[in-house]
Amino acid sequence: MLTTLLRDSRALATLAVPLILTQLAQVALTTTDTLMMGLLGTQELAAGGLAIVIFNQLRTMGVGLVTSVGNQIAAAAARAEQTEEKGDHEEVRGIVRASLAVATLAGIAGAVLMILIGQALTWLGQDAAVVERTRTLLIALAPGLLPCLWFQAIRQFTVGMRRPQALLQITIASIAVNAGLNWVLIHGTWGLPRLGLTGIGVATSTVYLLSFVALYVSAKKDRELAPLLTLNAAKADPATVKRLISLGVPIAATYGSEAGFFSITALMAGSFGPAALAAHTAVNQLVYIVFQVAVGLSHAASINVSRELALGRTDDARRIKNTALACAAAVMTVVGIAYLALPQLVLAPFLDSGSGSGSDQALTIATHLLIVTAFLQFFDCAQNIGVGLLRGLDDTKSGFRITLIGYWAVGLPASWLLAYALGLDTLGIWLGLLIGLATTAVLLLRRYSASLTVRAGLMNARAAQPRQVPG
């Protein structure tokens, strides 16, 4: 049993590790932008932060629309391996064309919506000077959404084909290019105009375009990927486009729902004062960084489930769940021990303990929150893996419905009750988060096991049917 677990863990890690490192590199990319904004001043940081929230919300939902592409590619590639005409991957090419069509539609719609939201900000009671800067930055960011989603479509293609290695190198290179472009365009060096905050938006859009081109060129140099990659989205099959959208909309809604859930808890934390909000923000950023491990494991497990089911191997698909959860538990145990044993060291990059009573109070609150987080992150990882496993079954609607129950029907009321009614303040919010995430994780994993059992029964029934002999 241990030998099987180790073998499955190695197979999962081959796909998961590049994805985890890519996710962490993307966190570094957005962190660079935030640091550059902070150097420009308080108003620029406020405007930039507001623009990034809007951009990220739309980008995240757009990414959700093409996330199922990797699963569809993996299943189609596995089916192609079983056909008599081995190497006939026309279904894969069709999915690639359709994914780029979906990405194009989502990118255009999202860019228009981004600009319209910027125009409506004054109606939401925001400071006029901040709004003006935010609008300008959103106009600079909007064109970048299109190549960003093209990049994601090709990324899902490479992941579905289980050849994601170039993703990490490209993402790491984009961090350096982004930082350099930010500096040049903000300050107007080398004869370029001095764009200030807007320069960050122009740099970000440029980096998304360059990243897309780099990933496309890299895939075209790969012997296995090159024949399957086509950019002719105009020839996309409408039925395939419709299927990808029907699978993607619940994923986009799930991502949007999760982002909204955590945004509301931030507002709740802010009601207890600046120190509570600072503590909440610091711990939430830690959770977000560690969460990238779950994202990588979830994607890898999801792709492998799609492949195993296409090959008719339900027992292997069941083992993937256990392997992914065991890998996540091992990482979360190490991180949890660090939270409990060295809280001040862990929080040092985010909170300064030597700059006044407010900072000391924030550090004290954050230290208490880390105790909850040491357990919360197990369920956070498990629920994300659960969503990915269900996606491997092409069941995206159940994942959305269950996360609505866990986040909004259980987690948010629990946070309110513990924080306000029972007077636990910010600690109560995070205990509520733990309860909501635990509920979501249990329901998702139960749904996956039940659905897989049904799928296995159907496959066995079909296999048991006697074949009709002609004449």
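User: Which residues touch the most other members of the largest nonpolar core?

Analyst: This is a predicted model, where local features need pLDDT of at least 70, side-chain atom pairs count only at pLDDT 80 or more, and totals for chains, interfaces and linings use all residues. Residues are numbered from 1 along each chain as its sequence is written, and side-chain values use heavy atoms, with hydrogens and water left out. A nonpolar core is a set of buried (under 20% relative accessible area, 1.4 Å probe, protein chains only) Ala, Val, Leu, Ile, Met, Phe, Trp, Tyr and Cys residues joined through side-chain atoms within 4.5 Å. Among the 127 residues of the largest one, the most other members are touched by Val92, Met114, Phe157 and Trp430.

User: Which helix gives the most to this core?

Analyst: Helices here are DSSP runs (H or I, at least four residues), numbered from the N terminus. One of them spans residues 274-310 and gives 18 residues. That top contributor is helix H10.

User: How many residues apart in sequence are Arg79 and Glu91?

Analyst: Their side chains meet in a salt bridge (side-chain nitrogen of Lys or Arg within 4 Å of a carboxyl oxygen of Asp or Glu), at 2.7 Å, N to O. Arg79 lies in helix H3 and Glu91 in helix H4, so the pair ties together parts whose separation in sequence is 12 residues.

User: Is Arg307 buried or exposed?

Analyst: Arg307 forms a salt bridge with Glu81 at 2.9 Å, N to O. The relative accessibility of Arg307 is 11%, so Arg307 counts as buried.

Terms used: Buried means under 20% relative accessible area, exposed over 50%, partly exposed in between (1.4 Å probe, protein chains only). Helices (H or I, at least four residues) and strands (E, at least two) are DSSP runs, numbered from the N terminus.
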